[in-house]
Amino acid sequence: MSRLLNVSAAPHAHSNETTKKLMYGVVIALVPALLTSIYFFGYGALIVTSVSVASCLLFEFLIQKFLLKKPLSINDGSALVTGLLLAMNVPSNLPIFIIVIGALFSIGIAKMSFGGLGNNPFNPALAGRVFLLISFPAQMTTWPQPLGFATKYVDALTGETPLGAMQRGALDALPSTNDLLLGHIGGSMGEVGAIALLVGFAYMLIRKIISWHIPVSIIGTIAIFTGILWKIDPSQYADPLFHILSGGVLLGAIFMATDYVTSPMNHKAMIIYGIGIGLLTVVIRIWGAYPEGVSFAILIMNAFVPLMNRYIKIKPFGEEVKNG
Amino acid sequence: MKSFPAGGVHPPQNKLTAGHGIEKLPIPSSVVIPVSQHIGAPAEIIVQKGDIVKTGQLIAQSKGFVSTNIHSSVSGKISKIDTVIDPQGFKQPAVYIDVEGDEWLPSINRDTGIDSNVVLTADEIINRCQEAGLVGMGGASFPIHVKLKIPEGKKCDVLLINGAECEPYLTNDHRMMLEYGEEIIIGVSIMMKALKVDKAMIGIESNKPDAIEHLKKISSRFLGITVHALKVKYPQGAEKQLIKSLINREVPLGRLPIDVNTVVQNISTAYAVYEAVQKNKPLFERVVTVTGKSVKNPGNYMVRIGTSIQNLIDAAGGLPEDTGKIVVGGPMMGKALKNLSAPVVKGTSGIVLFQEIESNRVEESPCIRCGKCVSACALKLEPYLMARLVEKGLYERAEEEGVANCCECASCHYICPAGRPLLDYLRLGKQTVLRMARERAAKKQAI
């Protein structure tokens with residue numbers, strides 16, 4: 001026989017799932033939230049998103065090409081996701097140079113310096129966000145009012161976030177649940193519009209891009225913890241629904257904490273990780289200096305992931321005999 | 001519907017030949033019969049060049065308890081005794097026979113009428129299975145008589161019959177159930193007698209409703225045999241998973257089904273038992289699925305052992321122009337074949353011809369730690385970690401993580417979005433760790 005045959009070890013079939021497809025799946029899941037933020041914040045949201053995505057892609061390209069001299073992988077979608085998530089985590093009137101610095105930190109420091117995709121211990125977009133929050137506290141906490149395309153990119157009318165209001169103790173000035181659900185509130189681009197984020201969550205669950213374990217354990221923990229506090233003293237503490245729908249809880253729980261690389265591998269560890277994020281978030285929000293704690297909570301728990309992967313194990317099949 | 005709880009994947013089923021009835025493949029002009037078609041010691045050849053043999057005649061005698069007899073699958077003259085490369089890729093001694101006619105041993109009852117009256121005693125049944133060279137037909141080819149003989153101090157309370165056929169493409173068991181249902185159920189009752197159990201459960205994946213229906217109807221006439229639909233999920237037909245699905249028992253790590261009081265046999269094995277016990281027919285033919293998306297006449301063929309795979313492919317319309325890989329067995333656990341002259345052996349369940357475009361592995365990229373392999377592992381191990389440890393040569397750590405327990409079902413490798421060759425690493429790790437364990441044991445003994 002003249003033809004050459006492939007001879008390789010089993011299996012001879014593959015699911016056709018690829019990193020690229022998963023990453024673009026996340027991008028699709030982010031579209032509703034992106035549209036919502038454009039609807040509420042107008043051109044600013046478009047500018048911030050485009051700059052963030054473009055600079056993340058560019059930095060990854062430059063670093064791979066000239067510093068690491070490795071094969072290019074910018075079309076695997078991971079830098080695109082980082083760019084989108086970074087944009088989602090900042091105010092829509094953030095000056096361009098700050099976004100570029102954030103992208104450089106996210107891609108250059110948090111991702112590529114650890115070896116690129118798959119090796120970074122911290123969520124790149126969150127690392128970028130927290131870097132900016134510490135470096136540019138004023139710009140990072142000036143929130144444009146959600147006036148749609150009337151919202152100006154420069155010199156926008158600004159307001160406060162629901163959590164900001166809570167922080168200064170103005171519990172009666174909090175927005176209604178309806179506004180929280182639809183996104184008619186101040187905040188980072190991705191913090192507005194709970195429904196849009198939940199649509200993305202549903203999509204990722206159906207496509208099996210992520211499992212329910214991390215988001216549900218984060219949200220559940222926050223609900224229980226803040227619920228207890230609220231029961232104790234409703235005049236001092238906001239209700240659990242407000243805590244869940246405001247700030248970065250949904251964005252963090254659905255899109256940031258579930259980042260493959262920086263979250264645990266098995267379901268048991270995922271739930272513990274989620275509970276940790278939930279607890280830290282509430283502690284920071286209620287007793288910390290910052291009004292919002294999701295980013296810090298996720299980054300802190302990211303640091304525990306290698307340990308969790310090492311020591312939190314699921315019981316292998318057949319290890320404990322359960323006959324019945 | 002019954003299933004195992006953790007892990008598993010859903011590869012496209014591609015059961016192209018489910019509707020193709022079993023066809024008898026014409027006897028080829030020559031056959032090559034290897035002496036080691038089973039797990040255990042190779043059989044010892046007892047014939048010589050020039051001998052005339054009949055169909056069903058013993059040509060190689062089993063050596064020891066874990067070994068089986070090998071019989072001639074044709075009548076004719078032994079042309080030589082030489083070596084052959086078997087479908088698994090191993091070179092081993094084999095008997096070459098030039099076919100002349102088809103004269104069966106007179107002791108074989110060739111009447112096709114159903115004989116449901118089992119007269120042999122338990123011990124006689126086991127002896128007959130041993131004489132007839134029966135092995136598990138599902139692929140692992142473990143000698144049947146060893147499994148039917150319950151070791152001292154153990155007991156068996158239920159016999160499980162594997163009709164899951166969870167490998168994509170393969171339909172040989174499916175067709176056997178449809179066309180030889182009666183014989184299979186009698187075979188099951190024979191094995192129940194040998195094991196002295198009064199209960200047998202047949203598990204069939206729900207993508208074969210006709211087979212479930214058919215066997216249900218027949219088994220209703222037999223005491224203690226029940227048929228159960230199983231969820232379509234790979235590896236439903238893996239021994240440990242099947243036991244979990246059917247009777248909710250977990251075989252402890254490193255142990256055998258008998259340790260949870262059960263024995264698992266395959267559907268086609270039940271048929272072979274029927275033939276051996278009721279018709280005194282040794283195992284010298286079996287059904288092989290020949291399939292693939294480009295195959296002209298895919299089908300299920302009743303083939304004499306020793307027929308070359310080339311013959312089978314010719315019967316199915318020849319090798320398609322776009323063939324890129326030939327796999328013996330199913331796509332998940334089968335072996336890629338190097339040469340088409342390899343003979344069909346007792347454990348050959350199917351030949352799958354993959355198109356060129358299907359036959360290349362996907363491109364490999366870095367692990368993104370998505371955890372899909374952990375969720376897919378039917379044994380709840382952590383493939384990504386074991387593979388990484390093996391990759392770095394950290395075999396002790398890989399051993400701690402349980403790499404030796406891997407059943408090689410390939411679910412992790414199948415699901416990996418980064419296209420990492422996980423199973424390659426796991427196999428390497430498993431072999432190395434098992435070797436290390438043997439060396440440790442030997443050292444201990446030496447001291």
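This is a predicted model: local features need pLDDT of at least 70, side-chain atom pairs count only at pLDDT 80 or more; totals for chains, interfaces and linings use all residues.
Pick I45(B) and look across to β5(B), where A60(B) stands opposite. Then turn to the other neighbour: β5(B) and β6(B) are also antiparallel and are joined over 2 bridges. Select L58(B) here and its bridge partner in β6(B), which is H71(B).

**Domains of chain B**

Colour chain B by its domain assignment. Domain 1 comes in two segments, 22-108 and 282-356. Domain 2 covers 122-279, and domain 3 covers 372-446.

Keep domain 2 and domain 3 of chain B on screen. Their C-alpha centres lie 29 Å apart. The contact between them takes 7 residues from domain 2 of chain B and 5 residues from domain 3 of chain B. On the side of domain 2 of chain B that touches domain 3 of chain B, the classes are 4 nonpolar, 2 polar and 1 charged.

**The nonpolar core**

Now show side chains for L159(B), I184(B), V188(B), M191(B), V273(B), L312(B) and I351(B). In the largest nonpolar core, which has 225 residues, these touch the most other members.

Centre the view on I184(B). Which residues does I184(B) touch, not counting residues up to four places away in sequence? Select M176(B), M177(B), I267(B), A270(B), Y271(B) and Y274(B) to see them.

**Where chain B meets chain A**

Finally, display both chains. The contact takes 53 residues from chain B and 34 residues from chain A. On the chain B side, highlight β15 (323-328), β16 (335-336), α12 (411-415) and α13 (422-446); each supplies at least two residues of the side that touches chain A. Which of these elements gives the most to that side of chain B? Select β15(B), which gives 4 residues.

To finish, colour the side of chain B that touches chain A by residue class: 32 residues are nonpolar, 10 are polar and 11 are charged.

Notes: Residues are numbered from 1 along each chain as its sequence is written. Chains are lettered from A and ligands numbered from 1 in the order in which they are written. Two strands pair if DSSP finds at least two bridges between them. A nonpolar core is a set of buried Ala, Val, Leu, Ile, Met, Phe, Trp, Tyr and Cys residues joined through C-beta atoms within 7 Å. A residue is buried if 20 or more other C-beta atoms lie within 10 Å of its own, exposed if 12 or fewer, and partly exposed in between; C-beta atoms are placed from the backbone. Two residues are in contact if their C-beta atoms, placed from the backbone, lie within 7 Å. Ala, Val, Leu, Ile, Met, Phe, Trp, Tyr, Cys and Pro count as nonpolar, Asp, Glu, Lys and Arg as charged, and the others, Gly among them, as polar. Domain bounds come from an automatic or database domain assignment.
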